[in-house]
Amino acid sequence: MAPRAVQIIAGAALAAFVIAPLSAVWAKAGPAVRFGPAEWAALRFTLLQAALSAALSVLLAIPLARALARSRFWGRDVTIMLLGAPFILPVIVAVLGLIAIFGQNGLLNDGLRALGFEPLSIYGLQGVLLAHVFFNLPLATRMILLGWMSLPSERIRLGQSLGLGAMARFYLIEWPMIRRILPSAFAVIFVICLSSFAVALTLGGGPKATTIELAIYQAFRFEFDFATAALLGLVQLFLSVSAAGVALWLAGHDRLGIGLDRPAPAARRPLSERCIDAGVILGAMLFLILPLALLFIKGAAGVPDLGAPVWFAALRSLALALGATLLCLCFALPLATRWGELIATLGIAVSPLVLGTGLFLIVRPYVNPFDVALGVTLCVNALMSLPFALRILRPEVQAVEQNFSHLSAALGLGAWGWFRWVMLPRLRRPLGFAAGLTAALSMGDLGVIALFGDAEWATLPLKIYQLMGSYRMDQAAAAAVLLLALSLGLFWLFDRVGRYGAQDQ
Amino acid sequence: MKNLTFAAGLLTASAALADTPVLTVYAPDYFASEWGPGPSIEAAFEASCDCDLQFKTGDVLGRIILEGTRTDADAVIGLNTDITKKARETGLFAPHGQDVAKLTLPLDWTDEVFLPFNYSHTAFIYNTESLPNAPQSFDELLAADDSLSLVIQDPRSSISGLALVLWVKSVYGDRAESVWEQLAPKILTVTKGWSESYGLFTDGEADMVLSYTTSPAYHIVAEGDLTKKAAIFPEGHYFMVELAAKIAGTDNPELADAFLAFILTDTFQNLIPTGNWSLPAALPVPEWPEAFQELPLPEKVLFYSEDEAADLRAETIEEWRRALSK
């Protein structure tokens, strides 16, 4: 792996990039800190919804990933890609998609009313969980699916020749892999949901569903109470890092053993199993893809009429996404260790509002923040994607190290030779996936550009907000379709390049 | 040779640019985007000032407070009355020096620092086709069946949400909390900002949305849609005014003064109605666009001074939170 010095420098740079802004906000703070009943209620709700959202997402992801891993059908690759789409959508767009299905006048309630049932309400804790599962089920599924792909085919074949039943196969072969991946998948989603704000509020139905992030926003925007904002930011950071630490501790070590890197054979499977898998995949597609399809239908017709400013914003967002991807991968490779993953959690552990304001305070004495807004946004986007990239890369990197380092040492491969001939070929698939995810995430992220962006340098998500803010809901819907298409396109491209020539294709 | 000419051309151009004074004005995003009034205001002002007007967008007051005396801004536009106390206390703003006699606001304006450029009132907007019998007073709204659904904005994250809790307080006083308890079952959801709420409303998700008395004008003028109406309540509507101000430490005091003077001109004021979908602060009604002249507007306008608003803020938000958390 990368020399130790590179790892330490990358880790320290990352930690500084998060800690320094938080300290800057803290330094600006007055003495009084407010932490009343409203803040405690927000803390309780934040923890509750994050834990439930993460648990539901990973539990539902297990059967889905299992079904996807064992099934072979026409269009499987496209299905897997589309199932990943909700995760990379901007929040506001996805919420409108969900409401088209589950809202008061959504498809679901229309159907229920037609059948003579009482309509269901999406607003409340159930809505928050629904939306968080919608966003994060794709992520959890992809993480677990990668785990399934990394099962040595020798073990699966051995299981087949031993005639293991479904239970025994699950316990002996699949469970050790799930046990390794599940805790960190849970932790990542838990941390994402900790800083949820607009979703929780809109679908939570009101102040009962207040999260810490809203309290931070309130402290900053209305009260200019930097002490409270910084303290709440610190609470968020503490919760996130604790969750990530517990997950790393629980995940334990890999006991999967080594294989010859050959693809697993598609075994003949009983019809009942195939039917269950097909049902699971169809159900997931309905839940994850239908809201997007409705958004698409609503906005697609308006895309050709979007003005030049929107298209320029799209180009700017594309460039930003590619830059962020490059930067993210440069950090991800040396940090693909347990400690690296813990440090990278910092990237999503601090409220973007605290991070953005802190960075503003830091750069302000030296340069005009407006001049560096795009650069700062690029760095923050890379930072915020890093935990996901590492979550994808780390198990693979470590598996390769564990399984091949003795052999490579025996052959006397140097650091470069090791990277080029052993590591890289085995990382193609996860690298492609990580790059696709990072690019798509930065494409869809409103990010710190909203804090100190210039109207002339707006990105596509900011344009969507501007359109909505000036009554142009139809054009916003069209711009959202453009964003969706570009995000998915980037994701597909990188994922494709990663799979092309990967060994089990 | 061609390259040299080009380079020389560039140099002259940038020298010319360097000579043009730059007026930096902080503005909210919706104001300065190409769908707001910003670009046409910029063009109109630059035609008269021989300067370069640059809008810098974002959270206006937040940034000024962070930057303090080191701010690059010469002026700001888009502040709101309910937070001007905080702004005034920074001491960063200078008197506007304009003659406020020209103002056509529905109430007297004597502030020497903050200059109004447009106004509106909080109101619930509905669709006459899907809600033919909309409540015609605040009391009727409270008494309405709980199946009537409202979307509102959170007073902790949105300026219009804050105006709503102040509106309820100014109408109902000490009864505000029980009023919120009566409204609670009708509130479908609360959103972070105005855009999310309005998006839900236009998607048909709710019967009424908290917005402004001027919102129907957008649908009438831009879409030819006459079905969106503001419910006008005889109890009165809360006044929302947007303000501009000059930064005390500006390097361009003359230009900043010129910009503030420009705000009160007919040129600027005529750009407001269909640019910011709001009512011009210094233009007599007969000069408004027709759709705005015909808009139903409240007879009674409710308003808290910035001191009252600042004192009431924490209390009213907490009443709202308690009532809606039950």
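Me: Where two chains meet, how many residues of chain A are in contact with how many residues of chain B?

Reply: Two residues are in contact if their C-beta atoms, placed from the backbone, lie within 7 Å. By that criterion, 43 residues of chain A are in contact with 43 residues of chain B. This is a predicted model, in which local features need pLDDT of at least 70 and side-chain atom pairs count only at pLDDT 80 or more, while totals for chains, interfaces and linings use all residues. Residues are numbered from 1 along each chain as its sequence is written, and chains are lettered from A and ligands numbered from 1 in the order in which they are written.

Me: Which helices of chain A each supply at least two residues of the side that touches chain B?

Reply: Helices (H or I, at least four residues) and strands (E, at least two) are DSSP runs, numbered from the N terminus. At least two residues of the side of chain A that touches chain B come from each of helix H4 (91-102), helix H9 (198-204), helix H10 (212-221), helix H16 (352-363), helix H19 (449-452) and helix H20 (460-469) of chain A. That side of chain A has 26 nonpolar, 12 polar and 5 charged residues, where Ala, Val, Leu, Ile, Met, Phe, Trp, Tyr, Cys and Pro count as nonpolar, Asp, Glu, Lys and Arg as charged, and the others, Gly among them, as polar.

Me: Is B:Glu196 buried or exposed, and which residues does B:Glu196 touch, not counting residues up to four places away in sequence?

Reply: A residue is buried if 20 or more other C-beta atoms lie within 10 Å of its own, exposed if 12 or fewer, and partly exposed in between, with C-beta atoms placed from the backbone. B:Glu196 is found in helix H9 (residues 194-202) of chain B, and it counts as buried because it has 25 C-beta neighbours inside 10 Å. Residues up to four places away in sequence aside, B:Glu196 touches A:Ile92, A:Ala198, A:Thr202 and B:Thr191.

Me: What does the radius of gyration of chain A say when set against that of a compact globule?

Reply: The radius of gyration is taken over C-alpha atoms, and the globule rule is 2.2 Å times the number of residues to the power 0.38. For 505 residues a compact globule would have a radius of gyration near 23 Å, and the 23 Å of chain A agrees. The secondary structure of chain A comes to 21 helices and 0 strands, and 52% of its 505 residues count as buried. Among contacts in chain A with a separation of 6 or more, 86% are between residues 24 or more positions apart.

Me: What span would a straight helix of 39 residues have, and what span does helix H17 of chain A have?

Reply: The expected span of a helix is 1.5 Å times one less than its number of residues. A straight helix of 39 residues would therefore span 57 Å, whereas helix H17 (residues 373-411) of chain A spans only 48 Å between its end C-alpha atoms. H17(A) bends by about 55° at A:Phe404, the bend being the angle between axes fitted to the seven residues ending there and the seven starting there. Just after H17(A), A:Gly412 takes a positive phi of about 70°.

Me: How many helices and strands does chain B have, and which domains does the domain assignment give?

Reply: Chain B comes to 15 helices and 12 strands. Its radius of gyration is 22 Å, close to the 20 Å that the globule rule gives for 326 residues, so chain B is as compact as a globular protein of that length. Domain bounds come from an automatic or database domain assignment, which for chain B gives domain 1 (2-119 + 240-293) and domain 2 (122-239 + 302-325). The centres of these two domains of chain B, taken over C-alpha atoms, are separated by 29 Å, and 15 residues of domain 1 are in contact with 19 residues of domain 2. On the side of domain 1 that touches domain 2, helix H5 (84-89), strand S10 (237-247) and helix H14 (290-293) of chain B each supply at least two residues.
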